[in-house]
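User: I would like to go through this structure with you. Could we begin with the terms and then take the chains in turn?

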Amino acid sequence: MTFNGGLRCATLLLALATAWEFPTSQKGYAQTSSEEKHQSARYDPAVKSSKFGHLRVKVVDGRTMEPLSDAEVVLVENGRRYRTDKSGLTPWIEAPVIRSSRFRLLVNELHGQLTLISYKNGYRDSIHSGVRMNEGATTKTTIWQYKIEKTGDTRVEPVFYMEPYHRLWLIQLADRFRKKSQMGEGYERP
Amino acid sequence: MAAAMELAVLPRQVEAQTNNLNNTGFPSYIRVAIRESNPWGEPDTRGAIIYVKTVNFDQYCRDVIPNEWFPTWRPAALEAGAIAVKMFGWYHHLHPVTVSGFTFDVDNTVNFQLYRAQSNQDTTDQAYYQTRKLAYVNPNLVITELPYRAGYQNSPNWQYRNAQKMSQWGSQYLAELGRTPYEILNFYYSGKVLTTIPKVGGL
């Protein structure tokens, strides 16, 4: 028996032993494992969407507010990369509208959310999250990047900014789960 | 006692009467107090004022509207909102306050209107410039505050009409029924007129 043949045989024995060890009580576990394998076989890091909005990103120097040309903006959800022009603007991007299943039971979710990273040599990387996209609508957003100074910047790490949820959406969200006995500040009164 | 009350009230009346469209220029700037953020990064309505920022008035309105109204809403709702945001800002520009040694017109939180620099969007910009030359004022052209609140979805929000405040969800509801921006404003704020602002252009 060759080494490979022996290894295959050992694997088979191990599989049989595992199957014997968990014949019925761990059936759910075996099924999940199979599902995971199936999912990993068709794993694609790009998040797909059948719906799109139009996104344009502006990159500026966070201290001078001057536009940054030649910065590279990555749309994390699909890995696509875009360069900024002299005005600090990317071209119009056909960006996916992704609605989180976490919110499926809430108010009809009012916006999808995307994450962007902007890179430019000599500047701190800037991660910009929570960019709101809606089907067929235009969205503009601005990313700030900070220049790395020779003095003072001893620990250089990415900068993160999370775009806040819209206040109208937050009001809806809180009201959706409020019990009658949980008035808090109370329902909004005019 | 009566005289004291009259004194307390009189200056405000005189001041209000002086601020009308004929003798008050359209603001070119507004002073925005920037409040300290809470630990999770949101400006705190009761946070300390860090500094006062002078902002171009048009830019201020454009950076408020998408944070107060959904940019995806109907144009009529956005235009009614744009007029309310502008009149609110204009009124407070004429009535600055001093807190903790800082004099300002508005702050960047829902104490006044939610302002976020560079957050303007195309649809709300269009609504703003479409209505830039319009004012919604008292019949004697006095500039007043046009308050608004969120209200409730899928309803005209009659209770807000009774309180003379515009419901934002109500503005979208009425826009979906085909109401114009003027009709929406007229529904919530009674006894006012829509007029043009002298020497101010739009799109």
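Analyst: Contact means heavy atoms within 4.5 Å. This is a predicted model, in which local features need pLDDT of at least 70, side-chain atom pairs count only at pLDDT 80 or more, and totals for chains, interfaces and linings use all residues. Residues are numbered from 1 along each chain as its sequence is written, chains are lettered from A and ligands numbered from 1 in the order in which they are written, and side-chain values use heavy atoms, with hydrogens and water left out.

User: Which residues is Arg83(A) in contact with, leaving aside neighbours within four places in sequence?

Analyst: They are Asp70(A), Ala71(A), Glu72(A), Leu89(A), Thr90(A) and Pro91(A). For Glu72(A), the C-alpha to C-alpha distance to Arg83(A) is 4.6 Å, although 11 residues separate the two in sequence.

User: Where does Arg83(A) lie, and is it exposed, partly exposed or buried?

Analyst: Arg83(A) lies in strand β3 of chain A, residues 80-83. Helices (H or I, at least four residues) and strands (E, at least two) are DSSP runs, numbered from the N terminus. The relative accessibility of Arg83(A) is 46%, so it counts as partly exposed. Buried means under 20% relative accessible area, exposed over 50% and partly exposed in between, with a 1.4 Å probe and protein chains only.

User: How many helices and strands are there in chain A, and in what order do they run?

Analyst: Chain A has 3 helices and 8 strands. From the N terminus the order is α-α-β-β-β-β-β-β-β-β-α. Of its 190 residues, 33% count as buried. Among contacts in chain A between residues at least 6 apart in sequence, 61% join residues at least 24 apart.

User: What are the buried residues of α3(A), and what covers them?

Analyst: In α3(A), residues 167-177, the buried residues are Arg167(A), Leu168(A), Trp169(A), Gln172(A), Leu173(A) and Asp175(A). Their cover includes α2 and α6 (168-176) of chain B.

User: Turning to chain B, what does it contain?

Analyst: Chain B has 7 helices and 9 strands, and 51% of its 203 residues count as buried. For contacts in chain B with a separation of 6 or more, residues 24 or more positions apart account for 70%.

User: How is α2(B) placed against α4(B)?

Analyst: Helix α2(B), residues 57-68, packs on helix α4(B), residues 122-130, at an angle of about 130°, with the axes 9 Å apart. Axes are lines fitted to C-alpha atoms, for helices over the stretch in contact, and angles run from 0 to 180 degrees between N-to-C directions. The two are therefore oblique to each other; angles under 35 degrees count as roughly parallel, over 145 as roughly antiparallel, 65 to 115 as roughly perpendicular and the rest as oblique.

User: Which residues meet there?

Analyst: Phe57(B), Asp58(B), Cys61(B), Arg62(B), Ile65(B) and Pro66(B) of α2(B) meet Thr124(B), Asp125(B), Tyr128(B) and Tyr129(B) of α4(B).

User: And α3(B): is it mostly covered or mostly exposed?

Analyst: Helix α3(B) is mostly covered, with 19 of its 20 residues buried. It packs on α7(B), residues 181-188, at about 55°, with the axes 8 Å apart. That makes α3(B) oblique to α7(B). The contact is made by Ala76(B), Ala77(B), Glu79(B), Ala80(B) and Ile83(B) of α3(B) with Pro181(B), Ile184(B) and Leu185(B) of α7(B).
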